Amino acid sequence: MSDPFVQVRDLHVRFGSNHAVRGVSFDVAEGETVAIVGESGSGKSVIALSILQLLPYPMASHPKGSVLVGGQEMIGADEAQLRAVRGSQVSMIFQEPMISLNPLHTVAKQIRETLVTHKGLTRNAARDRTLELLEMVQLDDAVRRLGAYPHELSGGQRQRVMIAMALANEPRLLIADEPTTALDVTIQARILELLKKLQGELGMGLLLISHDLGIVRSMADRVCVMTHGEIVESGSTGKIFDEPEHSYTQHLLAAEPKGDPVAWNPHAKPLLSLRDFNVNYKIGKGWFGRRKEFQAVKNLNLEVGEGQTVGVVGESGSGKTTLGLGLLRLLHAEGTITFDGIAVHNLSSKALTAQRKHMQVVFQDPFGSLSPRLSVRQIIEEGLRVHERDMDVNAREERVAEVLSEVNLEPDQMDRYPHEFSGGQRQRISIARALALRPKFIVLDEPTSALDMSVQAQIVDLLRELQHRHSLTYLFISHDLKVVRAVAHYLVVMKEGVVVEQGPAEQVFENPQTDYTKELMTAAFVR
Amino acid sequence: MSPLNQRRLAMFKANRRGYFSFWIFLGLFVLSLFGEFIANDKPIVFSYHGDLFFPVMVSYTDRELGGVLATEADYRDPFIRKQIESNGWSIWPLVPFAYDTIDWDLQPPYPAPPSGRPWLGTDGLSTDTFAILLYAFRLSVLFGLSLTLISSLIGVTVGALQGYFGGLTDLIGQRVVEIWAGLPILFVLIILASVVEPNFFWLLAILSLFSWMALVGVVRAEFLRARNFEFVRAARALGVSDLTIMRRHVLPNAMVATLTYLPFILNGSITTLTALDFLGFGLPLESPSFGRLLSQAKANLHAPWIGISVFMTLATMLTLLIFVGEAVRDAFDPRRTLKGALDESSTDLMESSPGV
């Protein structure tokens, strides 16, 4: 048997003083799928980029190691040799289909570019081949899509175009760097299916970079587990998942959020109820025409009991975040909102300010939700300055220290600034800010989505513990069913602003009624 | 001082060019504030019949010094000079001319070239160029600073209100700004300057009417962007008032953009004043000004020292201000602060990269 198509031997990558990859070796043969898994910052994307020598040289350097592609050394190869390999023998698809396509060119033009550059096809031949490729990646209505611009396509469609571009020159290796991370779960499943099918048809090698163990398990033949720039364990997929040897692999596998929601008394009195709840966005108004509106949430009815966690799931654009912001009256909403016996929808802005003490929110992005110019103390005590005006400096400091230790952060870090903390720690600060006012109810808007898997599990544990200790009520918004299963008592499934199914979590998970819920469940759990 | 401000100060000091420019400029400005003690047609202090006199601060009449006139003494007058010399002593400033002193002792033709007596020569009226430059520098900087302060206060407020509230407020505000910006500013200035007798404060008021618009766009854009940030939402969810959110959360984000513009506004103000003076629509005739000196230079092309010294002064002043402005802007940029750490690693990189 000949040598594997790609051989990476003892590869090192340095960015200045940062030794990002330290001595990594692996092979990818044609027809084989090799996955590299690891958390963010483990150096997995750097490896993918160094195979094609796409790193920002001379910022990056390879002190040691070799990368052989089809027997040819890539490190130190000149531009002409690299160009011959890039896009023709080895192709790459990236995570973010939104920014990987040039927004100013049509789909046809972008694909044609690679065909003309590498194959020297004529315009007509290139057009036929483009159409063929788009049909191969199962882009529906391919003929019409030829003239489409990237913004006219959905995320999944864009990713299909990216794949078509990557496959245009029949590469022998396809590098897929988090190919589905930016996509909704149901679309994710379809794209992965497509990749697998195409790999079989074309017999190419596939190097899959992912943080998602579920995807890796269903796709890969062999798996390399990376942490801190090193491969700590590699082997066949079955072996890695069933008998992990290295402690980090075990830790990673154990990191999936699991466990059950906090015990809850189903007869607790209702805390929040929504009746005929609607949120509309004005999307422009002509001079004379009718007002145009986009209904983000339509006729929603929901009751949340004290101490209960209601999970709201759905794909992007389903209106789940809008629901959360609307019921806090951070967006204009219609319908009745009753909270603890108070009709929140009728409150004047002054009474609403007082009411905000009891209803808090934690956002998804731990980098965007903390003001970068305020210290942690200033961030957390901001609400206290509004609602607890009679608190003096010492009492405030005491409260800040108290909530910080509740979220397992050191109180003596309170004078640091957000950028000095990691993503998980920032999310803890966000939670501490919400807790500082001792609210009864917290809207958690994708609190774990921007975090690494093992950190996700810690945040989920923390949320459950806090709920138990303070008998908090949560509205838990997430697209990730695994996380929701670990926290929610009741589940609301939304699609395009409408509730397609709601009921006790157990019942919905075990026995979904609608097709859409079933599809979501399959995409998330069956692997 | 909060750690953030400490870091800003450190960042500012780390920018050597800006830091030195700041001290040089500050030195020049402080010196010019004491211009009366550097270039004046009165002694700083003199003794007359055993009493001490401070003519820069107190006005003494001719009669007090043995003359006959009830008006202020002319210390350049040979009679007065002789009176002081024979009855005491006097200490004169470095340059014995003020910006409006006419040197009658010089032999025509005027403008006189630079020599030991008038360091930088004189203008067409036989006034000392150095003295005019010194006083004009002070006046221009004070004018520029006041105008910058006023126009940024107005501009930031208008931009902040438009950006934060958006919608109809923004729509109306933008149209007003557009119409206002559409006025032919120079003509309006010329017309206004011929209606009122322009002095320092009139010019400040008239120029403020138009110079505030530079900042509205940037501040508005920053507020529009920042009002949807999650931390602003979080603050609203905490029940924080709009004014507090604008001040605490949004304004600091807009500060970098504002500070980026400030040195240019400051320089623009100084240049506008110079231009108006040059055209004859600026400060009253008796005040020291770069613009009028420039028009003197234009009228006396055979006396290049006038033009060259004004040009050098203006260029040095504007360059120093830009350097300081850049350093301040970089010090306030949070990404710069983070990059400071990265920069260290990238210098490591420079050292290690030749091996690649």
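These legends walk through several close-up views of a predicted model.

**View 1. A salt bridge joins A:E30 and A:R172.**
Let's start with one pair out of the 36 salt bridges that a search of the whole structure turns up over all chains. Here the side chains of A:E30 and A:R172 come together, with 2.9 Å from N to O. A:E30 sits in the loop between β2 (18-28) and β3 (33-37) of chain A, and A:R172 sits in the loop between α7 (155-167) and β8 (173-177) of chain A, so this pair ties together parts that are 142 residues apart in sequence. How covered up are the two partners? A:E30 is partly exposed, at 40% relative accessibility. A:R172 is partly exposed as well, with a relative accessible area of 36%.

**View 2. A:R129 and A:E132 form a salt bridge inside one helix, α5 of chain A.**
The closest N and O atoms of A:R129 and A:E132 are 3.1 Å apart. Where do these two residues lie? Both are in helix α5 (residues 123-136) of chain A, three residues apart, and that is about one turn of the helix. Is A:R129 buried or exposed? A:R129 has 15% relative accessibility, so it counts as buried, because the cut-off for buried is under 20%. A:E132, on the other hand, is partly exposed, with a relative accessible area of 46%.

**View 3. A:K269 and A:E306 meet in a salt bridge.**
The N to O distance for this pair is 3.4 Å. Which parts of the chain does the pair link? A:K269 belongs to the loop between α11 (247-254) and β12 (270-285) of chain A, while A:E306 belongs to the loop between β13 (291-305) and β14 (309-313) of chain A, and these distant parts are 37 residues apart. At 52% relative accessibility, A:K269 counts as exposed, whereas A:E306, with a relative accessible area of 32%, is partly exposed.

**View 4. Chain A meets chain B, with 34 residues of chain A in contact with 28 residues of chain B.**
The size of an interface is often given as the accessible area lost when the parts come together. Between chain A and chain B the buried area is about 2700 Å², and carbon and sulfur atoms give 60% of it. How many salt bridges are counted between chain A and chain B? The count is one, and it joins the side chains of B:R248 and A:E382 at 3.1 Å, N to O. Nine residue pairs are in polar contact across the interface of chain A and chain B. On the side of chain A that touches chain B, β17 (359-362) and α14 (376-387) of chain A each supply at least two residues. The biggest giver on that side is α14(A), with six residues. Sorted by class, the side of chain A that touches chain B has 14 nonpolar, 13 polar and seven charged residues.

**View 5. Strand β8(A) is mostly covered, with five of its five residues buried.**
In a regular strand the side chains alternate between the two faces of the sheet. For β8(A), A:L173, A:I175 and A:D177 are on one side, A:L174 and A:A176 are on the other, and all are buried. Which strands flank β8(A)? Strand β7 (residues 90-93) of chain A runs parallel to β8(A), joined by four bridges, and A:S91 has A:L174 as its bridge partner. Strand β9 (residues 205-210) of chain A also runs parallel to β8(A), joined by five bridges. In β9(A), the bridge partner of A:L174 is A:L206.

**View 6. Strand β19 (residues 473-478) of chain A has six of its six residues buried, so it is largely enclosed by the rest of the structure.**
A:T473, A:L475 and A:I477 point one way from β19(A), A:Y474, A:F476 and A:S478 point the other way, and all are buried. Five bridges join β14(A) to β19(A), and the two run parallel; here A:V310 stands opposite A:L475. Strand β18 (residues 441-445) of chain A pairs with β19(A) in the parallel sense, again over five bridges, and A:F441 stands opposite A:T473.

Note on methods:
Residues are numbered from 1 along each chain as its sequence is written. Chains are lettered from A and ligands numbered from 1 in the order in which they are written. This is a predicted model: local features need pLDDT of at least 70, side-chain atom pairs count only at pLDDT 80 or more; totals for chains, interfaces and linings use all residues. Side-chain values use heavy atoms; hydrogens and water are left out. A salt bridge is a side-chain nitrogen of Lys or Arg within 4 Å of a carboxyl oxygen of Asp or Glu. Buried means under 20% relative accessible area, exposed over 50%, partly exposed in between (1.4 Å probe, protein chains only). Contact means heavy atoms within 4.5 Å. Buried area is the accessible area (1.4 Å probe) that two parts lose on being put together, summed over both. A polar contact is a pair of N or O atoms within 3.5 Å; within protein, one must be able to donate a hydrogen and the other to accept it, and residues adjacent in sequence count only if both atoms are side-chain atoms. Ala, Val, Leu, Ile, Met, Phe, Trp, Tyr, Cys and Pro count as nonpolar, Asp, Glu, Lys and Arg as charged, and the others, Gly among them, as polar. Two strands pair if DSSP finds at least two bridges between them.
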